[in-house]
Amino acid sequence: MDPSRKRKLRLFVALGAAVVLAGALIYTSFSAASDAETPSQLAASAVAGRSYQLTDKVVPGYSHQGGVLLFRVRDRNGSASVPVRYTGAVPDPFRAGREVIVTVRKRGAAFVGEKDSLVTKCPSKFSPQPSGRSS
């Protein structure tokens, strides 16, 4: 076989493999994503035993009972909140008013957080500043 033809064949095989791998990576990244639910969405339609990603703000008044963190997550507009029982690592920035994401399962009227799934979101530096403050 001609050496230049071998090089072209290798190039097309390598490019084909790269395209297939890139497509698989893109497919995997989009199919693995799951939408996070708000407290009002979960309160209205959560099914017992199914896993959900819950997100929104922590309500003031959370507490610890032994190794369990008890807190409520409310919608941004404050219309609905759900109770969460969480066991696992609690991030340092966790506090009332902070936005969190936690994987939960419905058990009775409460939601039980999966161990070590609690993540706090950083407040946006692009949110509007209160008047009278300069940057």
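**Salt bridges and ring pairs in a predicted model**

Modeller: In this predicted model, Glu 114 and Arg 105 join their side chains in a salt bridge, at 3.5 Å from N to O.

Colleague: Why is the contact of Glu 114 and Arg 105 called a salt bridge?

Modeller: The N to O distance is 3.5 Å, and the rule asks for a Lys or Arg side-chain nitrogen within 4 Å of an Asp or Glu carboxyl oxygen, so the pair qualifies.

Colleague: Why do Glu 114 and Arg 105 count as partly exposed?

Modeller: Relative accessibility is 29% for Glu 114 and 31% for Arg 105. Buried requires under 20% and exposed over 50%, so both fall in between.

Colleague: Which residues do salt bridges with shared partners join into one network?

Modeller: The network consists of Asp 56, Arg 76, Glu 99 and Lys 121. Within it, Glu 99 bridges to Arg 76, with the closest N and O atoms 2.5 Å apart. Glu 99 sits in strand S5 and Arg 76 in the loop between S3 and S4, so this pair ties together parts 23 residues apart in sequence. Glu 99 also meets Lys 121 in a salt bridge of 3.2 Å, N to O. Lys 121 lies in the segment after strand S7 (119-120), 22 residues from Glu 99.

Colleague: Is Glu 99 buried or exposed, and what about Arg 76?

Modeller: Glu 99 has a relative accessible area of 15%, and the limit for buried is under 20%, so Glu 99 is buried. Arg 76 has 54%, and exposed means over 50%, so Arg 76 is exposed.

Colleague: What makes the pair of Tyr 62 and Phe 94 edge-to-face?

Modeller: There are two aromatic pairs in the structure. In the pair of Tyr 62 and Phe 94, the centres are 4.9 Å apart and the planes make 70°. Tyr 62 lies in the loop between strands S1 (51-58) and S2 (63-65), and Phe 94 in the loop between S4 (81-87) and S5 (99-107), so the pair ties together parts 32 residues apart in sequence.

Colleague: How do you know that Phe 94 is buried?

Modeller: Its relative accessible area is 7%; the limit is under 20%, so Phe 94 is buried. Phe 94 also pairs edge-to-face with Phe 71, at 5.3 Å centre to centre and 75° between the planes. Phe 71 is buried too, at 3%.

Notes. Residues numbered from 1 in each chain as written. Predicted model: local features only at pLDDT ≥ 70, side-chain atom pairs only at ≥ 80, totals over all residues. Heavy atoms only, no water. Phe/Tyr/Trp six-rings, centres within 6.5 Å; stacked < 30°, edge-to-face > 60°. Helix = DSSP H or I, 4+ residues; strand = E, 2+ residues; numbered from the N terminus. Buried < 20%, exposed > 50% of the residue type's maximum accessible area, 1.4 Å probe, protein only.
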